[in-house]
Amino acid sequence: MKKKKWPETWQTINPGCMVFDAGNARTYHTGSWKAERPEWDDSKCIKCGICYIFCPEGCITQDENGFFRADLNYCKGCGICAHECWPGAITMVEEG
Amino acid sequence: MAKRVGMEVGIAAAEAVGMCNIDMAAVYPITPQSHIAEHLSEIVADGRIDAEFVTVESEHTSISCVSGASGTGARVYTATSSQGLLYMHEILPIVSAMRLPVVMGNANRAISGPINIWNDHSDIMPQRDAGWIVLFADNGQEVVDLTIQSFKIAEHKEVMLPICLNMDGFQLTHTVELIEFPDQKKVDKFLPPRKPLATLHPDNPVSMGTLGMPEIYAEARKSQDVALTNSKKYILQIWDEWEKMFGRRYKPVETYRADDAEILMLTMGSMGETAELAVDQLREKGMSVGLVKLRLWRPFPFEELKAAVKNAKLLIVTDRAVSFGGSGGPVYIEIKAGLYHEKKRPLIYNYIIGLGGRDVPVPCFVEMFEAAAQSAEKGVVKDYEYYGVRG
């Protein structure tokens, strides 16, 4: 059975909002409130990894070609990656 | 066997906690609660009970500390008063939202300013919406009984909520009263060890105090509200059980000579006993008066209150706290709103009394009954008044 993102109703909430599964933070998609998302222009990227280092969420990973991408399930759109990217490869784009 | 002893009520409160097989307590002393803190620490230090007494540096820490311990499955106690309760305020709604059973004694005292260490209810009233079960005791016996009951109520698997037991500072905490202490074996039977839903332990991971995003927050609040409202059912069950075992009956709304009374007065806490004497005096003079004593402030016992006042013509609500800029005292506002949809309801009059330790003896209650009755007869309901204020 596919796990639900939220309890559907107030009746199905655990007392005190306790969560009984270990390692549950991964299933809690906290990226839903972002207003902007980062987009990479790989032609400008020098693969320095500064975006990966500075991302406060730890949601940026390197793909098999050595370029970087954010996991938008967790990215809060803070823009730190774009601010730190000195070659200017990252643009914050408004969420539509 | 139960034994009757003359004992200061604050000391008796600590003795009652000592009978409840607690695992830990964290209490920061503050007048007029200090005797509870001191005596409970002595009970632990003397090895009379096997518990931890954590000497914390503030009330913010004492409530945080007992909440954390409650999360591990411990049976916990704290106590405070006045500014100490206000200093806990940030944590209070978190304890209830996390559904952590915590029992707290509150020696009711006025809040600053002007600085005042004496009794009124202005410390607990601002905590109204913290999501706790809130009880008021009339006398020392009730402090002892309600303390023991509170652990069972708070820890009940369908309740799982913190409880604040209010006892008037000085008027109760520093008064020596004749109190019957129940037999320890019977208390152990009434209050078996806690069985928590979950405990913080690395062998069985659980997250408590989780994040609730906009998609879930309202549902979480509703679920907590329903839990508090439903707790009344279990409070009543536990009070029934207490009566069967110990012979003393507890009700959310207590009444005194109220069944046929045209004029009712409502009190909370120790002043109820003084008001009873005024009721007796006025009854002797032929006046149809009675008393309603509110024991359970949260969850508010609307059903029981409506039944108690439905035949009265006038209900005089006494408040021992001020809601600045409001339409009356906090208890009055609650009751007036609660009766709004009733087809048959009494006129309601509100007196603010006994602020900051101002004495309210029997003749004052007599005067309040008579003055409110006269006002109601004229049809003029000047419904909100500071009783006995000069000027």
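Begin by selecting B:Ile163, B:Leu264, B:Ile316 and B:Phe369, which have the most contacts inside the largest nonpolar core, a set of 118 residues. A nonpolar core is a set of buried Ala, Val, Leu, Ile, Met, Phe, Trp, Tyr and Cys residues joined through C-beta atoms within 7 Å. A residue is buried if 20 or more other C-beta atoms lie within 10 Å of its own, exposed if 12 or fewer, and partly exposed in between, with C-beta atoms placed from the backbone. Domain 1 (3-246) and domain 2 (253-386) of chain B both contribute residues, so this core lies between them; the domain bounds come from an automatic or database domain assignment.

The model is predicted: local features need pLDDT of at least 70 and side-chain atom pairs count only at pLDDT 80 or more, while totals for chains, interfaces and linings use all residues. Residues are numbered from 1 along each chain as its sequence is written, and chains are lettered from A and ligands numbered from 1 in the order in which they are written.

Next, select helix α1 (residues 9-18) of chain B. Here 10 of the 10 residues are buried, so the helix is largely enclosed by the rest of the structure. Among them are B:Val9, B:Ile11 and B:Glu15. Helices (H or I, at least four residues) and strands (E, at least two) are DSSP runs, numbered from the N terminus.

Now display the open sheet of six strands in chain B, ordered β9-β11-β10-β13-β14-β15 with mixed pairing. Strands pair if DSSP finds at least two bridges between them. At the edges are β9 (253-256) and β15 (384-386) of chain B, each pairing on one side only. Strand β14 (residues 347-352) of chain B pairs with β15(B) in the parallel sense over three bridges; select B:Asn350 to find its bridge partner, B:Tyr384, in β15(B).

One joins B:Gly113 and B:Pro114, with omega about 0°, and B:Pro114 is found in the loop between β5 (103-108) and β6 (133-136) of chain B. Another runs from B:Arg298 to B:Pro299, with omega near -5°.

Finally, select A:Cys17, which has a positive phi of about 55° although it is not a glycine. This residue is found in the segment before β1 (36-40) of chain A, and A:Cys17 counts as buried because it has 22 C-beta neighbours inside 10 Å.
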